[in-house]
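Subject: Structure handover and findings

Hello,

I am passing the structure on to you with this email. Please look it over before reading the notes below.

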Number of protein chains: 2
Amino acid sequence: MYLCFDIGGTRIKGGVLDEKGRIFARKEVDTHVYSGVQGIVQQLKKMETEWIAENPVWKDQIKGIGIGVPGFVEKGKVWEAVNLGWRDEPLTEHVQKFFTLPVFLLNDANAAALGELWLGGGRGLRHLLCVTVGTGIGAGVIVDGTLHLGKYGMAGEIGHFQIGIETGSLCSCGNKGCLETFASATAIAAQGLEVARQGTSKKLSQVLLENGRIESRDVVEAAEMGDGMAVKILQEAGEKLGRALGNIFLVLAPERILIGGGVSRAGTLLLSPLRKGFHEMMPNIVKKEPIVFLAELGNDAGMVGLAKYIEMNLI
Amino acid sequence: MYLCFDIGGTRIKGGVLDEKGRIFARKEVDTHVYSGVQGIVQQLKKMETEWIAENPVWKDQIKGIGIGVPGFVEKGKVWEAVNLGWRDEPLTEHVQKFFTLPVFLLNDANAAALGELWLGGGRGLRHLLCVTVGTGIGAGVIVDGTLHLGKYGMAGEIGHFQIGIETGSLCSCGNKGCLETFASATAIAAQGLEVARQGTSKKLSQVLLENGRIESRDVVEAAEMGDGMAVKILQEAGEKLGRALGNIFLVLAPERILIGGGVSRAGTLLLSPLRKGFHEMMPNIVKKEPIVFLAELGNDAGMVGLAKYIEMNLI
């Protein structure tokens, strides 16, 4: 059995999985970003303690820990995870103070890509791009059936792709115009908040009154109920994402591009404008064929991929 | 020995090479684009005939033909080579009417990348992007020491990368805003022509009067002689190319990016603004280290790569 933790900018998804990717237990908690790396490691420890209390036999069966991190990961270190505020953190070292198991780190989007390749929408493919649209935007690059990490483990860091619009808001990386300032859950929530305040979306104004804030899922729900402004927000985010993915297709030419992460729950409301943006800029040959699809494993993709990664690397 | 032909939009570079990449003979001719695929195959045949006339012993020593094509190549076919006006051309079939040797096709930028990886600026690297800036712009993608071709052989087709400037001129692919409409030899020549006509560059106006046209090499030469407008043209092309390559780095994270092709002869005049554009949009971690360099094999990269490709594939 493996402990798999997918640390997102908003939520930590944890699970106990076996070597076939089956999930025997799962928990989800808010990420205590404010408590720093030590606090987050303690959140992981707490989950493990609870699982073992529920099922003591797991104590001996668990053989490794996999951790997905939203940032650049290399050799047990997190170079930078802007949404967590980490820089140059020896995460494996921190984890090994609390756990006596081998630790495997992976960028969260890379973990999701491995999961989708193994048991999701990328089964049987050789070349795959798996995009995670959540608090930030990242992607896992599979070339020839293998995860391509690249220099500094930075391959697939497409959230900071510059889409040429210099008027965008400042990104957490310090630049302007990054893709994730237009199409991430964070960006969609911010735009939802704006229309809620302006009063141009009755539905979102209502949510703001009730909850005191707007999340990306509120925008998706409003769009599903036919709210015009919410639909427009998803449409614009989808088109921008689609055009960026069109550029990325010209670099990598994957057989398929999968869209996962929280925002992908918007389904067709996101996918239709995304495909429009993507195909508009493609050479004719690619126009014939659908390349972009929704991911299949939802929230579990990262954990499943981590299980595969531990399985591959544990001797 | 191998016959290697690197067909560009402007010139065909041909050579007789051995399995170590040594060049024993070379010829360069203008590409007779107007004469179609049949005419170009006859240009190749003519070169071979001349070489064998000069050195009859080669007749039995030549074991394969490699052809680099500026377009999408897959399974003996050229799907599309816009700068040659070819679409869906069974090139291998055409070639085999004139030659009784095994034929190997490769995208020209991929051939150059293989050459640089083998004997040039990419020696010993695992992950490499090799960009060819000529009539068009293309790139070869090396992942884990292997050429990554991708779906439809389209990996590295970065000439049609949209850099977000919708005001650009129409590209031969039918879109606007493609990278090669800003930074290719063609784009640089067009901008050179403009300033020559406007009279804002004395040097280029003079060339226009003398030759009746401006080529990219004229702009490079004028810039080398200190012509302000020519320097500015290269600067803007370099910066745009640099920003596009910054985006591409976020997808692939190669250990090194090499710049080859005719325009790279501009050297520092192109490389300095290119590096500026590249590093401006990079996360801090990449700012420390130079990633972009000039390619080393010049005009020979494609031929050398083709020799390697034949060597790898000839049984």
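The notes below go through strands, a helix, the interface and the salt bridges.

Please keep in mind that this is a predicted model.

Strand E10 of chain A

I started with strand E10 of chain A, which covers residues 137-143. Seven of its seven residues are buried, so the strand is largely enclosed by the rest of the structure. In a regular strand the side chains alternate between the two faces of the sheet. Both faces of E10(A) are covered. One side carries Ile137(A), Ala139(A), Val141(A) and Val143(A), and the other carries Gly138(A), Gly140(A) and Ile142(A), all of them buried.

E10(A) has pairings with E9(A) and with E11(A). Strand E9 (residues 128-133) of chain A runs antiparallel to E10(A), and six bridges join the two. Within that pairing, Leu128(A) has Ile142(A) as its bridge partner.

In chain B, five strands make an open sheet in the order E11-E10-E9-E12-E13, with mixed pairing. Strands E11 (146-147) and E13 (292-294) of chain B stand at the edges with a single partner strand each, so one side of each is left without a neighbour in the sheet. E10(B) and E11(B) are joined by two bridges in the antiparallel sense, and Ile142(B) is placed opposite Leu147(B).

Helix H10 of chain A

Helix H10 of chain A takes in residues 268-280. At 1.5 Å a residue, its 13 residues should span 18 Å, and the end C-alpha atoms are 18 Å apart, which agrees. The buried residues in H10(A) are Leu270(A), Leu271(A), Pro273(A), Leu274(A), Gly277(A), Phe278(A) and His279(A).

The interface

How much area do chain B and chain A bury between them? The value is about 3,500 Å², with 61% of it on carbon and sulfur atoms. Chain B brings 42 residues to the contact and chain A brings 42 residues. The rule finds two salt bridges across this interface. Glu289(B) and Lys151(A) meet through their side chains in a salt bridge, at 2.9 Å from N to O. On the side of chain B that touches chain A, strand E10 (137-143), helix H9 (228-252) and helix H11 (284-287) each supply at least two residues. H9(B) gives the most to that side, with seven residues.

Asp88 in both chains

Most residues other than glycine have a negative phi, and most peptide bonds are trans. Asp88(A) has a positive phi, near 55°. Asp88(A) lies in strand E7 (residues 86-89) of chain A and is partly exposed, with a relative accessible area of 40%. Asp88(B) likewise has a positive phi near 55°, and its place is in strand E7 (residues 86-89) of chain B.

Salt bridges

Over all chains the count is 38 salt bridges. In one of them, the side chains of Asp88(B) and Lys77(B) meet at 3.2 Å, N to O. Lys77(B) belongs to strand E6 (residues 77-81) of chain B and Asp88(B) to strand E7, so the pair ties together parts that are eleven residues apart in sequence. Both partners are partly exposed, Asp88(B) at 40% relative accessibility and Lys77(B) at 32%.

Glu215(B) and Arg213(B) form a salt bridge at 2.8 Å, N to O, and Glu215(B) is partly exposed at 27%. In another, Lys232(B) and Glu236(B) meet at 3.7 Å, N to O. These two are four residues apart in helix H9 of chain B, which means that about one helical turn separates them. Lys232(B) is partly exposed at 42%, as is Glu236(B) at 35%. Lastly, salt bridges with shared partners join Lys27(A), Lys46(A), Glu50(A) and Glu54(A) into one network.

Regards

Note on methods
Residues are numbered from 1 along each chain as its sequence is written. Chains are lettered from A and ligands numbered from 1 in the order in which they are written. This is a predicted model: local features need pLDDT of at least 70, side-chain atom pairs count only at pLDDT 80 or more; totals for chains, interfaces and linings use all residues. Side-chain values use heavy atoms; hydrogens and water are left out. The expected span of a helix is 1.5 Å times one less than its number of residues. Buried means under 20% relative accessible area, exposed over 50%, partly exposed in between (1.4 Å probe, protein chains only). Two strands pair if DSSP finds at least two bridges between them. Contact means heavy atoms within 4.5 Å. Buried area is the accessible area (1.4 Å probe) that two parts lose on being put together, summed over both. A salt bridge is a side-chain nitrogen of Lys or Arg within 4 Å of a carboxyl oxygen of Asp or Glu.
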